[in-house]
Amino acid sequence: MLLRDEVEMLRRVPIFSRIAPAKLKLLAFTSDRMTYKAGQDLFHQGDVGDAAYVILTGTADIVVASPAGEIKVADVEPNSIVGEIAILCDVSRTATVRATSPLEVLRISKEHFLKLLSDFPEMAVEIMRVLADRLNHTTAELTAARAAKQPQMAQ
């Protein structure tokens, strides 16, 4: 894939859509393009958060470990970003991301990702929107799951 193609793919990711092409070119140049086979993990729950990943092509599942085994909590599609929570919160990975098809990603180091945030405050606002949307979705699912258990608890 050519650098200009990677820049165009980055433009399709909502958090990068307002960044100048020259900065996106630098981001694409300083990022690592990686490929994964279906079934391979990008990272594991508990790993150190050293990078964020932009999904260029393919799909993945986000899974978390539980006492009952792994639970799939979300799907990831092209133009998505994963791994940013560990960078922003300076915590270990909160989930495992596993390719469900052949996957191409751009791996953005923690250093470059944080530099972009300081250079482009509008990117930080977009990340807040993405995270707020995820939290809203998770809250709705948790509410539905607890509501489904309510009748059983009353018996």
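Begin by selecting Asn 79, which, leaving aside its neighbours within four places in sequence, is in contact with Met 9, Arg 12, Val 13, Pro 14 and Ile 55 in this predicted model. Asn 79 lies in the loop between strand 5 (69-76) and strand 6 (81-82), and it counts as partly exposed because its relative accessibility is 26%, between the limits of 20% and 50%.

Next select Phe 16, which, not counting residues up to four places away in sequence, touches Leu 10, Leu 24, Leu 27, Val 54, Ile 81, Ile 108, Leu 116 and Met 123. Phe 16 is also one of the residues that touch the most other members of the largest nonpolar core, a set of 23 residues, together with Leu 10, Ile 15, Val 54, Phe 113 and Met 123. To see where this core comes from, colour helix 1 (3-11), helix 2 (21-30), strand 3 (51-57), strand 8 (103-109), helix 4 and helix 5 (121-154), each of which supplies at least two of its residues. A second, separate core holds 15 residues, among them Ile 55, Val 76, Ala 99 and Leu 103.

Finally, turn to helix 4 (residues 110-119), whose buried residues are Phe 113, Leu 116 and Leu 117. These cover an arc of only 100° around the axis, so they sit on the same side of helix 4.

Conventions
Residues are numbered from 1 along each chain as its sequence is written. This is a predicted model: local features need pLDDT of at least 70, side-chain atom pairs count only at pLDDT 80 or more; totals for chains, interfaces and linings use all residues. Side-chain values use heavy atoms; hydrogens and water are left out. Buried means under 20% relative accessible area, exposed over 50%, partly exposed in between (1.4 Å probe, protein chains only). Helices (H or I, at least four residues) and strands (E, at least two) are DSSP runs, numbered from the N terminus. The arc is that of the directions from the helix axis to the C-beta atoms. A nonpolar core is a set of buried Ala, Val, Leu, Ile, Met, Phe, Trp, Tyr and Cys residues joined through side-chain atoms within 4.5 Å. Contact means heavy atoms within 4.5 Å.
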